[in-house]
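Here is a guided look at one protein model and its ligand. Please keep the viewer open as you read.

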Amino acid sequence: MKRDHTQLICDIGELSGASSRSPRLEDFLSRSAELVAQHMQSQVCSIYLYFEDTQELVLKATKGLKPEAVDNVRLRLGEGLTGLALKEMRPICEREASKIPGYRYFPEIGEEAYDSFLAVPILRGTNRIGVMVVQNAKSDYFSQEDINTLKAITSQLAMTIETAKILLAIEEQNRDAGSFPEEKPLKFFKGRSGGSGVVLGEAVILEDKRRFFMTEKNFGTGSYSVQDFLKALEKTEQSLQALQEQVEEKLSDVASLIFTAQILMLKDKPFIDSIVHQIQSGRNAVDAVRRTVHQYVHRFESLDNRYIREKAQDVLDVGLHLLEHLAGTALYGQGEEGKIVIAQELFPSDMLKLSSRGAKGVILLSGGITSHIAILSRSLEIPLVFADESRLLKVPSRTRVLLDAGQGNVYIDPDETVLRTFQPALEGARDAQKARTESLDETRTADGARVMLLSNINLLCDLNVARDFKSEGIGLYRTEFPFMIRSDFPSEEEQYVVYKKLVEGMPGKDVTFRTLDIGGDKVLSYYDYGREENPFLGMRSIRFSLRHKDIFRQQLRAILRAGTGAELKIMFPMISSVDEFLDARKQVELSMEELRSVGVPFHQAPELGMMVELPSVLEIMDELAEEADFFSIGTNDFIQYMLAVDRTNEKVADLYLPHHPSILRALKRVVEAAGRHGKDVAVCGDMSYDERYLPYFLGIGIRKFSVDPHWIPRVQKAVSRIDLNEARRKTQALLEMKKVADIERNLL
Ligand code: PEP
Ligand code: MG
């Protein structure tokens with residue numbers, strides 16, 4: 001029977017990525033063994049891992065042999081054909097293994113029945129990782145093509161298996177550590193990926209800052225005059241100004257004024273007077289600063305608004321900077337530069353601050369992979385892992401931490417083996433740059449169908465990546481980012497400047513502006529939303545814009561002006577009804593009239609489309625398709641609202657299922673309705689760059705994707721491996737499945 005090797009290689013690639021979602025490492029290995037056995041139509045597939053310290057190969061997963069063999073079958077390097085394959089680092093294929101002198105079989109595990117034998121070493125460079133063995137009862141079963149395929153598979157799996165090996169070793173260490181689990185230092189934690197990249201650095205726990213500040217003995221016994229204090233004040237202001245300028249240069253669209261709250265604080269007369277007064281009446285200057293800062297922190301924290309409360313952190317930062325300048329030394333000694341920051345919670349502006357202070361990576365205890373903090377971290381190229389594990393906050397500061405963000409893995413105080421394993425990744429982190437030249441101008445499926453890959457842009461700096469990867473336009477510009485970071489609504493002029501840069505950054509290609517999509521987890525600190533029990537169901541997105549038409553029209557005017565001469569598209573988020581769409585469109589017409597009346601040039605005929613993010617549009621897709629020029633499916637929200645699963649809540653992350661049958665079938669309905677009216681439909685949510693779903697999207701007729709530009713090469717490669725007929729068959733099969741588990745199995 002013919003075996004579909006290409007499919008197998010693709011599936012294993014996906015499985016490698018999927019390892020970050022596998023709950024247990026053994027499961028990942030077993031799934032790999034199962035998948036290979038199934039595709040190779042071999043009765044047995046086993047994975048052995050090699051442990052250098054004992055120089056032993058240990059059977060870690062098998063499909064076909066007795067399960068009790070796992071962990072019990074052990075071979076020395078060179079022992080049997082399996083050991084030999086690893087020792088000599090070459091595949092060994094035997095048509096009648098039992099007749100080979102070096103063959104060592106284990107009757108107790110049921111191995112004797114299989115005579116065709118193929119062992120392929122799993123290698124990473126010259127590192128021996130393990131061996132994959134397939135066996136079959138029929139003699140002369142494996143061909144040269146099978147050998148090549150297994151070689152390709154093992155090389156794809158090597159990195160993941162190597163990681164798995166380390167994790168197993170750590171688990172074992174943990175098991176050996178005895179019966180007092182609470183005393184065990186945390187060595188490893190499997191969180192969820194919020195981006196990609198491998199980084200190593202010392203840990204700094206944001207929450208520790210406060211503890212540090214509150215502990216008097218941390219500040220020495222130096223005594224300082226009012227003059228010293230005023231000088232420290234000046235120096236602190238200068239350093240914050242410098243930081244502000246530096247970020248503004250790099251992130252002109254969003255960085256505006258992120259440090260202003262702190263700078264303002266330093267100019268606040270009552271704040272300064274309070275400190276000066278205390279020093280004059282004999283209090284130690286350090287103590288005076290600490291007391292005043294403490295009072296302010298307390299005041300901020302007692303406010304009702306959670307986002308203002310958060311400003312307490314800013315005040316604390318100011319206090320620390322001041323004291324450091326007063327004492328002339330880095331008292332806290334734990335700035336974020338080069339560090340892995342561990343935090344309970346972060347706001348978008350915090351992420352920008354961390355980026356500007358040179359933080360290397362972030363571990364966040366709250367949030368989810370499609371939350372906007374994750375989206376922002378990807379734009380800022382800060383590896384991020386979500387890890388809902390409070391013990392991480394107890395990791396002693398300065399402990400070395402290795403973050404494998406792509407896999408969502410956190411290694412605390414990594415040992416030599418871990419470091420050695422990740423050395424190439426750590427060194428090659430910036431080699432990603434090299435890959436940028438690897439994208440092709442056009443994306444096509446294996447059988448030649450044209451697919452368009454556009455970019456999701458959050459910050460202007462994403463444009464460079466988009467261009468490097470030959471993006472075919474901007475499919476989604478999240479206009480809210482510049483709004484989220486500022487301390488007040490940006491003016492029409494300010495918006496115009498940012499939008500113009502965006503348009504100029506993609507000449508001759510589609511530029512799709514999504515109008516303001518705030519609310520939910522994208523909160524403006526300067527706007528009082530009032531108390532909202534369910535912000536994701538509250539005053540967010542287009543609802544906000546239609547409620548505040550002045551702000552909406554200001555934005556529309558800025559877009560229309562900036563879009564002159566461009567392939568301009570405007571898209572409304574979270575549309576729930578035809579009425580809302582028409583109202584939004586009316587605002588564009590009114591904005592045009594306003595511009596016309598003052599004689600300002602603007603784009604006269606932008607395409608007007610909408611995001612598909614709410615279940616309510618499913619029943620009215622045809623009517624919407626009569627009105628809208630195009631659709632873009634925002635799967636992040638669509639899944640959230642269809643399944644009622646908060647996309648930012650780690651606790652229900654396992655219920656956030658893009659492959660839920662309702663989601664798959666609904667996506668198909670959307671595409672069909674758009675098609676009936678000849679309207680373009682793209683996908684711009686994170687689901688679109690998960691390779692597992694690409695065949696499905698192609699199968700239902702999607703030909704346009706807008707993805708985080710970093711993913712373009714990967715998506716391009718994945719698309720090029722897909723055959724449309726095959727994808728359609730797979731799609732049909734998936735549509736007929738009723739259980740999530742069945743779909744999941746068939747995606748892998
Ligand atoms: C989405 O919801 O899928 C989307 C692309 O928009 P955002 O992630 O900004 O909500
Ligand atoms: Mg959305």
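## Ground rules

This is a predicted model, in which local features need pLDDT of at least 70, side-chain atom pairs count only at pLDDT 80 or more, and totals for chains, interfaces and linings use all residues. Residues are numbered from 1 along each chain as its sequence is written, chains are lettered from A and ligands numbered from 1 in the order in which they are written, and side-chain values use heavy atoms, with hydrogens and water left out.

Helices (H or I, at least four residues) and strands (E, at least two) are DSSP runs, numbered from the N terminus. Two strands pair if DSSP finds at least two bridges between them.

## The six-stranded sheet

Let us begin with the open sheet of 6 strands, whose order is E3-E2-E1-E6-E5-E4 and whose pairing is antiparallel. Strand E3 (74–76) and strand E4 (92–94) are at the edges with a single partner strand each, so one side of each has no neighbour in the sheet. From one strand to the next, the twist averages 20° (axes are lines fitted to C-alpha atoms, for helices over the stretch in contact, and angles run from 0 to 180 degrees between N-to-C directions).

E4 and strand E5 (residues 116–124) run antiparallel and are joined by 3 bridges; Glu94 stands opposite Phe117 in E5. Helix H3 (residues 80–87) lies across E1, E2, E3, E4, E5 and E6, at about 35° to E5.

## The eight-stranded sheet

Here the pairing is mixed: 8 strands form an open sheet in the order E7-E14-E13-E9-E10-E11-E12-E8. Its edge strands, E7 (188–190) and E8 (192–193), each pair on one side only.

Strand E11 (residues 361–364) pairs with strand E12 (residues 384–386) in the parallel sense over 3 bridges, and Leu364 has Phe386 in E12 as its bridge partner. Helix H13 (residues 372–379) packs on this sheet, touching E11 and E12 (contact means heavy atoms within 4.5 Å), and its direction makes about 160° with that of E12.

## Around ligand 1

Which elements each supply at least two residues of the shell around ligand 1? They are H13, strand E17 (473–478) and helix H23 (635–643), with H23 giving the largest share, 3 residues.

An oxygen atom of ligand 1 is 2.8 Å from an N or O atom in the side chain of Arg514. On the backbone side, a polar atom of Asn636 is 2.7 Å from an oxygen atom of ligand 1, and an N or O atom of Gly634 lies 3.3 Å from an oxygen atom of ligand 1.

Terms used: A polar contact is a pair of N or O atoms within 3.5 Å; within protein, one must be able to donate a hydrogen and the other to accept it, and residues adjacent in sequence count only if both atoms are side-chain atoms.
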